[in-house]
Amino acid sequence: MHSISDYSQMIEDGIKGISLPGNPASLYEPVTYMMGMGGKRIRPVLTLIANEMFEGNLNEAIKPALAMEMFHNFTLVHDDIMDRSELRRGNLTVHKKWDQETAILSGDVMLVLAYELLNKTNLEKLPEVLNVFSATAKKVCEGQQLDMTYESTDDVSLDQYIGMIGKKTASLFAGSLKIGALVAGCGAGDAENLYQFGHYAGIAFQIQDDILDAYGKAGQWGKTKGEDIASDKKTFLAVKAFELAQGDILDELKSLAGNKELDRKSKISRTISIFNKLSINGKAEDARDSYFNMALGCLDRIEGREEGKQTLKEIAGTLINRGR
């Protein structure tokens with residue numbers, strides 16, 4: 001099998017090879033800008049690893065892998081609008097560099113481009129791959145809607161939160177893996193275990209992202225520190241804090257949530273202070289590690305090449321250890 005850096009280079013080369021219309025420039029320049037920001041490219045890399053794990057042909061897997069990356073970036077363009085984010089991967093978000101209307105349309109065309117790339121899948125495998133892709137896309141949209149709904153809801157349970165990130169974040173990891181395996185002709189049982197590995201690893205990844213929002217170094221992951229807190233996002237930390245807080249601490253937590261008048265810096269620091277009082281960081285780390293171990297359990301049940309399984313363990317470990 002290839003190395004992770006080899007897979008990443010294949011994806012970068014593939015992205016550079018995507019031919020976009022030049023007109024109207026105002027529609028396609030943001031696409032080039034967004035796709036050129038870089039990033040981990042982890043989702044398409046997972047597609048290639050899963051394909052090679054089951055003796056697949058990488059030439060047949062590259063277009064579906066690029067489709068997953070194009071779709072992922074489409075969701076980020078629209079997410080940044082809804083979250084009113086100013087930075088993405090250390091760069092201005094599309095709607096800040098251009099405007100909101102341009103970002104919406106450029107995001108829309110990225111979804112179309114993702115389907116065009118996916119349509120170049122081997123015809124024999126295409127129907128099943130399309131089904132997985134469409135189901136994944138629908139879950140991501142459902143998860144984003146739940147994410148927005150939960151912003152103005154105080155009594156979100158941990159089960160609801162995990163369900164939300166299972167759709168919004170983890171389903172794309174899971175779908176990327178399953179598509180790569182299906183293109184290789186993987187059996188249904190192994191494909192499902194691989195999907196579940198991606199699901200649990202994706203949840204662990206998101207919990208680590210939540211931890212970094214509050215406790216990571218500013219600019220460490222291309223986002224503004226405390227952005228989720230300032231925008232009242234329901235993260236694992238916030239949900240767990242509402243679950244454990246009582247008395248005066250609960251009252252203060254409620255007063256901070258949804259408060260648009262409070263200074264941003266003060267809101268973030270006071271919220272993190274509550275997290276510290278309730279030892280929320282440690283509880284989040286325990287949950288992250290638990291989901292990671294569940295992912296590894298699913299991987300152990302797969303009959304694919306051992307080298308590929310080790311590569312997936314390495315990637316998953318890197319993702320949940322980032323920032324530590």
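Visitor: How many aromatic pairs does the count come to?
Guide: Welcome! Residues are numbered from 1 along each chain, and in this predicted model local features need pLDDT of at least 70, while side-chain atom pairs count only at pLDDT 80 or more. Side-chain values use heavy atoms, with hydrogens and water left out. Rings of Phe, Tyr and Trp (its six-membered ring) pair if their centres lie within 6.5 Å, and by this rule the number of aromatic pairs is seven.

Visitor: Is the pair of Y33 and W98 stacked, tilted or edge-to-face?
Guide: Planes under 30 degrees apart count as stacked, over 60 as edge-to-face and the rest as tilted. The centres of Y33 and W98 are 5.3 Å apart and their planes stand at 75°, so the pair is edge-to-face.

Visitor: How many residues apart are Y33 and W98?
Guide: Y33 belongs to helix α2 (residues 25-35); helices are DSSP runs of H or I, at least four residues, numbered from the N terminus. W98 is in the loop between α5 (94-97) and α6 (100-118), and the separation is 65 residues.

Visitor: What angle do the planes of F173 and F205 make?
Guide: F173 lies in helix α8 (residues 158-183) and F205 in helix α9 (residues 188-215). Their ring centres are 5.1 Å apart, and the pair is tilted because the planes are at 55°.

Visitor: Are F173 and F205 buried or exposed?
Guide: Buried means under 20% relative accessible area, exposed over 50%, and partly exposed in between (1.4 Å probe, protein chains only). By that scale, both F173 and F205 are buried.

Notes
Helices (H or I, at least four residues) and strands (E, at least two) are DSSP runs, numbered from the N terminus.
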